[in-house]
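Student: I have a structure open on my screen and would like to learn how to read it. Could you take me through some of its features?
Tutor: Gladly. Have a look first, and then ask away.

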Amino acid sequence: MSPGRLPAALPATLAAVILLIAGALAGCGSTPAATPSGPAVPVAAPPLQTSFADGTGTSWAVVEMGGSAAQEENFWEMFARPAGAAAWRLVTPAGVADNGGLVAAPAGGASLLTGFLPSQDLTFSPLADTSDSGAHWATAGPVNPGLADVPDALAARPDGNLIALTSGGAKLGQYGGTGWTRLITAQALAATPAGKPCQVTGLTAVAFGSAGAPVPGTAPVLGTGCSRPAFAGIFTDSGGHWHAAGPAVPNVRTDIEVLRLASAGTGLVALLQAGRGPDASTIAAWYDGSRWTLSAPLRTGIARSTAIGPGGSVGIILNAAHAATLAGPGASWRALPALPRWTATLALGPGGQVDAIAAHASTFTDWRLSPAAAWSQGQTIRITIPYGSSG
């Protein structure tokens with residue numbers, strides 16, 4: 001990806017922060033920043049294959065395609081479907097090796113910030129931004145050290161605030177083009193009065209909050225793992241101090257890890273994993289600006305993919321054949337019919353619409369769930385996979 005001018009739609013404060021970071025850190029030969037000892041992210045990271053809907057109603061899907069990751073023949077691809085459109089289109093930013101994975105963060109309106117995870121000789125994370133649902137991209141980055149291997153490793157706001165979750169902790173860039181102004185590590189958070197009761201095991205997600213206690217204004221929000229049973233590790237910054245903002249999780253007698261954390265309208269939506277291994281359960285949590293609402297636990301084991309849709313809807317793929325969705329706060333988990341082969345993630349739309357996104361080798365297929373609870377094959381996209389280009 002060649003350097004380019006940032007889109008005019010991107011606010012000047014955010015552009016200034018990104019450009020300053022790029023100038024300070026650009027260059028493949030730069031030395032990565034030292035990584036503090038101790039845990040920064042969980043050992044078993046949440047799956048990167050995901051989908052989400054931005055504030056304009058555009059749906060985005062991030063899936064792994066190509067061949068063997070061990071042979072570096074895997075390539076991560078991004079697809080977008082604008083609000084009201086029936087068709088997906090390939091919108092992966094060009095010019096940067098993406099074997100390590102892609103993460104994305106809505107930045108307000110039609111703006112989206114995408115980060116490339118480190119892989120091979122790429123030790124930092126280049127960024128790209130778009131203001132037209134992926135039709136055009138511009139260089140914006142990089143982040144050094146590289147972004148963490150979790151789906152919510154980036155958070156951005158239209159007013160110029162950025163959070164990047166890296167192997168060295170969560171880096172916060174604030175107003176005025178001053179670059180990264182703060183760093184919070186898992187160890188530092190664990191040592192705070194807010195973090196001690198949680199017994200923080202690692203940082204797992206970042207987001208920006210919404211108005212109302214316990215998440216004030218546009219405050220940075222961190223998701224973590226906690227070794228203390230029944231403690232949901234969601235923390236928000238207020239006045240330079242971190243405060244516990246997660247919900248109480250009754251009747252859970254095991255550790256909890258935040259799998260997903262994202263802004264949703266005027267609130268937040270989170271997916272919490274209680275326990276580990278095949279006995280793990282997933283709990284959805286919604287914050288509406290004044291209080292948290294929890295779903296019933298769903299025994300999922302280790303999730304293969306997660307999705308966040310309009311109205312706080314969520315979806316999760318349990319294994320090759322089984323998945324479940326939640327329409328939003330107060331709803332019950334809904335088991336889906338057996339998934340089409342090669343389903344990589346779900347895509348959730350308005351009115352309870354559910355699509356299964358299948359990705360295999362060079363073929364992307366969209367399967368639509370009918371009112372009769374049957375999958376019907378819709379759009380198919382065959383893309384060019386640059387096999388051999390990663391050697």
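Student: Let me start with charged side chains. What do the side chains of Arg 81 and Asp 366 form where they meet?
Tutor: They form a salt bridge, with N and O 3.8 Å apart. The cut-off for such a pair is 4 Å between a side-chain nitrogen of Lys or Arg and a carboxyl oxygen of Asp or Glu, so 3.8 Å counts. Please keep in mind that this is a predicted model.

Student: Where do the two residues lie in the chain?
Tutor: Arg 81 is in strand β3, residues 74–81, and Asp 366 is in strand β28, residues 363–369. The pair therefore ties together parts that are 285 residues apart in sequence.

Student: Is Arg 81 buried or exposed?
Tutor: To decide, look at the relative accessible area: buried means under 20%. Arg 81 has 4% relative accessibility, so Arg 81 is buried. Asp 366 is buried too, with a relative accessible area of 4%.

Student: Which residues are linked with this pair in a network of salt bridges?
Tutor: The network consists of Arg 81, Asp 355, Asp 366 and Arg 368. Within it, the side chains of Arg 368 and Asp 355 meet at 2.8 Å, N to O. Arg 368 belongs to strand β28, while Asp 355 belongs to strand β27, residues 354–360, and 13 residues separate them. Asp 355 is buried, at 0% relative accessible area, whereas Arg 368 is partly exposed, at 32%.

Student: How many salt bridges does the structure hold?
Tutor: There are 7. One of them joins Arg 299 to Asp 279, with the closest N and O atoms 2.6 Å apart. Here Arg 299 sits in strand β21 and Asp 279 in the loop between β18 and β19, 20 residues apart. Arg 299 is exposed, with a relative accessible area of 56%, and Asp 279 is exposed as well, with 53%.

Student: Now the sheets. How do strands pair?
Tutor: In general, strands of a sheet pair through backbone hydrogen bonds, either parallel or antiparallel. In this structure, 4 strands make an open sheet in the order β5-β6-β7-β8, with antiparallel pairing. β5 (102–106) and β8 (138–139) each have a single partner strand, so one side of each has no neighbour in the sheet. Inside the sheet, β6 (residues 112–116) and β7 (residues 127–130) pair over 4 bridges. Thr 114 stands opposite Ala 128 in β7.

Student: Which cysteines does a disulfide join?
Tutor: Cys 198 and Cys 226, at 2.0 Å from S to S. Cys 198 lies in the loop between α2 and β13, and Cys 226 in strand β14, 28 residues apart. Both cysteines are buried. To read the handedness, check the angle about the S-S bond: at -100° the link is left-handed.

Student: What does the side chain of Gln 273 reach?
Tutor: The backbone oxygen of Gly 275, at 3.2 Å. Gln 273 is part of strand β18, residues 267–274, and is buried, with 8% relative accessible area. Its contacts beyond four places in sequence include Asp 255, Leu 259, Ser 281 and Ile 302.

Student: Where should I be careful?
Tutor: Where pLDDT is low, the predicted coordinates should not be read in detail. In this chain, pLDDT stays under 50 over residues 1–43. The mean over the chain is 85, and 85% of the residues reach 70 or more.

Terms used: Residues numbered from 1 in each chain as written. Predicted model: local features only at pLDDT ≥ 70, side-chain atom pairs only at ≥ 80, totals over all residues. Heavy atoms only, no water. pLDDT = per-residue confidence, 0-100. Contact = heavy atoms within 4.5 Å. Pairing = 2+ DSSP bridges. Disulfide = S-S within 2.5 Å. Buried < 20%, exposed > 50% of the residue type's maximum accessible area, 1.4 Å probe, protein only. Polar contact = N/O pair within 3.5 Å; in protein donor to acceptor, adjacent residues only side chain to side chain.
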